[in-house]
Every structure is written in structure tokens, then in C-alpha cells.
Amino acid sequence: MSRDPVPAFDAYKHLNLSINPDGSCTRNFEYPIVHPDPSPSPGKLTASKDITINLETGVTVRIFRPTNLPSNDNTIARLPILIHLHGSGWVLYPANSPANSRGCSQMASELTAIIVSVNYRLAPEHRLPTQYDDALEALLWVKRQAVDKTNGEPWLRDYADFSRCYIFGSSNGANLAFQLALRSLDHDLTPLKIDGSVFYQPFYGGKTRTKAELKNFADPVMPVPAIDAMWELSLPKGVDRDHRYCNPVGYLPQKEKVGRLGRCLVIGYGGDTLVDHQQDFVEMLVTAGVRVEAKFDDAGFHGIELVDPRRAVALLNMIREFIN
């Protein structure tokens with residue numbers, strides 16, 4: 001690994017985490033848990049509900065739908081489905097955090113879509129590939145709702161267009177989304193059809209420091225030591241940062257499978273510490289023959305849409321163009 005340009009600092013303090021003797025972590029921060037709102041008051045743009053999809057693991061999904069459903073000739077128009085995988089740094093936030101709930105609600109309203117947000121389990125209590133397993137379970141659960149005309153989840157059964165399903169992931173959620181898209185190829189999803197995948201600021205790495213990592217080593221949003229800590233807590237024990245979960249670019253056995261992916265949209269920013277890895281990811285997709293659209297803005301940083309409403313709107317517009 002390349003020599004780091006500045007002395008290391010306490011990454012766990014930066015992340016507000018304390019590592020416990022049993023390998024779990026204590027998250028030394030509080031945030032209000034956002035509860036679902038299945039029967040919103042007048043004026044609310046979306047309704048939401050939680051469903052446990054695995055009683056053994058406790059994995060849930062939160063479904064968001066617009067309150068104003070479009071109709072044609074008194075028939076409710078079917079809405080596209082977005083399987084939503086939130087950014088958590090693998091270890092920090094569940095799907096019911098305020099930022100994710102706000103983003104999913106806005107997505108459902110602005111895109112006129114059904115959002116299925118996966119509350120996957122967090123590391124280090126559950127290391128990779130647990131999160132990939134949870135995402136696949138959610139996708140297969142959505143497929144089951146399409147075939148069960150009697151007992152299927154009503155919001156999906158009555159409002160969703162199962163032939164227009166998209167996978168969306170942000171940050172490490174985009175890493176998850178890529179693995180989910182690959183794993184989906186091993187299953188007969190009929191009548192569910194994956195029509196494309198959106199990878200927003202995908203979270204990747206490697207043993208060798210990139211130019212962007214060296215330049216942004218002490219970045220206030222994504223400092224390299226914090227990124228190192230997130231991988232240390234989430235990767236399977238005993239593997240290094242060139243493992244395919246972290247660095248899929250050099251994993252040749254999956255190249256043929258990558259080439260069978262549907263169309264993809266990759267979005268990133270020049271000021272992101274991870275931008276070099278993201279562009280390597282795009283090159284991997286292109287080399288494998290994937291129909292990929294890459295949108296990189298020189299200005300911007302990791303998670304900018306959380307603090308700049310204009311960037312949040314721009315992100316929604318890019319997704320809208322892609323799915324329409």
C-alpha cells in the first residue's frame with residue numbers, strides 16, 4: 001500500500017464508533033427513527049409501510065408510494081419499481097434514518113414510482129456478503145408479490161409495473177446494487193424484469209492508493225482513514241482490499257457475467273475521494289460490453305445531495321431520464 005501523506009488520525013472517533021471486545025461496535029450518535037406512514041394526512045406526498053421479509057433475520061423493507069396515483073380512463077396507471085439500497089458506509093445508518101426516509105419519499109413522489117427500500121443488516125455485526133444476501137432476498141420477495149395474485153403485498157400487486165423494475169444504490173448501496181444486479185442473473189424473476197441499474201457514487205477501493213485518495217486523504221467528508229475503517233469492519237475477516245467485494249475490477253471470473261447486465265447509469269463527482277475507483281468501475285463495465293452511461297461532474301463531493309437541494313433535484317432528473 002502506498003505511503004500515506006499525513007499522519008493517521010483516529011478513524012473510529014471520526015465515525016463516532018467504539019469497537020467492542022466481541023467485534024461488534026457501539027454507535028455513539030443518536031438520530032430520530034422515522035416511522036412509516038401508511039395512512040398519511042391530506043397534503044402528504046407519499047405513503048409508506050414496513051414489511052418483514054425474513055422473520056429469522058429480521059430484515060425488512062419499507063415501501064414508499066405516491067399518494068396521488070396517476071390514472072388513465074379511471075384505471076390506475078402502473079408505476080415502475082425501484083429497489084433502493086441506501087448509503088450507510090456499511091456500518092452507520094439503517095434504512096429508517098431521516099436522510100434515507102426523506103430521499104425515498106422524494107423519489108417516490110418526484111419519479112411517480114414505487115420505492116422498495118431494503119433495511120439490510122449492518123457490519124461489523126454482520127459482515128459481507130450478508131448485505132448482498134439481504135438485497136437478493138428483497139428482490140426475490142418482490143418477485144413473489146408479482147406471482148401471488150391472492151396474498152401478494154397490495155401496494156405492489158395493485159400499483160406496480162413488474163416489467164419495469166430498477167435497482168438503485170447510493171455509495172456502498174451502489175456496491176450492493178452491482179452485486180444484486182449480478183446475482184439477479186442466476187434467478188428466473190419472471191414476471192419481474194430488471195430494466196436497468198443506477199450506481200450513484202459507488203463505494204469501491206483497493207490496496208493501492210489512487211491519486212484522488214492521496215489528494216483528498218484528510219477530506220472532511222470522506223477521509224481515507226475512515227474509508228479504511230469502514231472496509232476493515234465490513235469485509236470478510238482475512239481478506240485484503242483487492243477482494244472482489246471491494247475491488248471488482250480485477251476479478252476476471254465474473255467478466256462474462258458482468259457483460260450480461262442490462263443498461264447502467266453511473267453518477268459521480270470529481271471531488272469525491274473515491275472518484276478514481278468509480279471511473280475504473282465504469283471502464284470495467286464498458287470493457288465487458290455493458291450499455292453504460294456515465295455522468296461525472298467535476299464539482300461535487302461524496303453525499304453532496306444530502307446538503308445541496310439543487311444536487312438532489314439534479315440527481316432525481318438524471319434517474320427520471322434513465323427510467324423514462
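1. Start with Leu306. In this predicted model, Leu306 sits in the loop that links β12 (292-297) to α10 (309-323). Is Leu306 buried or exposed? Leu306 counts as exposed, because its relative accessibility is 53% and the cut-off for exposed is over 50%.

2. Together with Val221, Phe301 and Val307, Leu306 forms a nonpolar patch. The accessible area of these four residues together is about 360 Å².

3. Now look at the sheet. How many strands form the sheet? There are 8, and the sheet is open. Follow the strands in this order: β3-β4-β8-β7-β9-β10-β11-β12. The pairing is mixed. The edges are β3 (46-52) and β12, and each of these strands pairs on one side only. From one strand to the next, the twist averages 20 degrees.

4. A word on pairing in general. Strands of a sheet pair through backbone hydrogen bonds, and they do so either parallel or antiparallel.

5. Take one pair as an example. Strand β10 covers residues 194-200, and strand β11 covers residues 264-269. These two strands run parallel, and 4 bridges join them. To find a spot on this pair, look for Phe199: it stands opposite Val266 in β11.

6. Last, the annotation. An unreviewed UniProt entry gives "domain: Alpha/beta hydrolase fold-3" for residues 82-304. What is the make-up of this span in helix and strand? Residues 82-304 are 38% helix and 18% strand.

Notes
Residues are numbered from 1 along each chain as its sequence is written. This is a predicted model: local features need pLDDT of at least 70, side-chain atom pairs count only at pLDDT 80 or more; totals for chains, interfaces and linings use all residues. Side-chain values use heavy atoms; hydrogens and water are left out. UniProt positions are given in the numbering used here, feature names are shortened, and annotations may be inferred rather than shown by experiment. Patches are made of residues with over 30% relative accessible area and no salt bridge: like charges are joined within 9 Å, nonpolar side chains (Val, Leu, Ile, Met, Phe, Trp, Tyr) within 5 Å. Accessible areas come from the Shrake-Rupley method with a 1.4 Å probe; for residues, only the protein chains shown count as cover. A salt bridge is a side-chain nitrogen of Lys or Arg within 4 Å of a carboxyl oxygen of Asp or Glu. Buried means under 20% relative accessible area, exposed over 50%, partly exposed in between (1.4 Å probe, protein chains only). Two strands pair if DSSP finds at least two bridges between them. Axes are lines fitted to C-alpha atoms, for helices over the stretch in contact, and angles run from 0 to 180 degrees between N-to-C directions.
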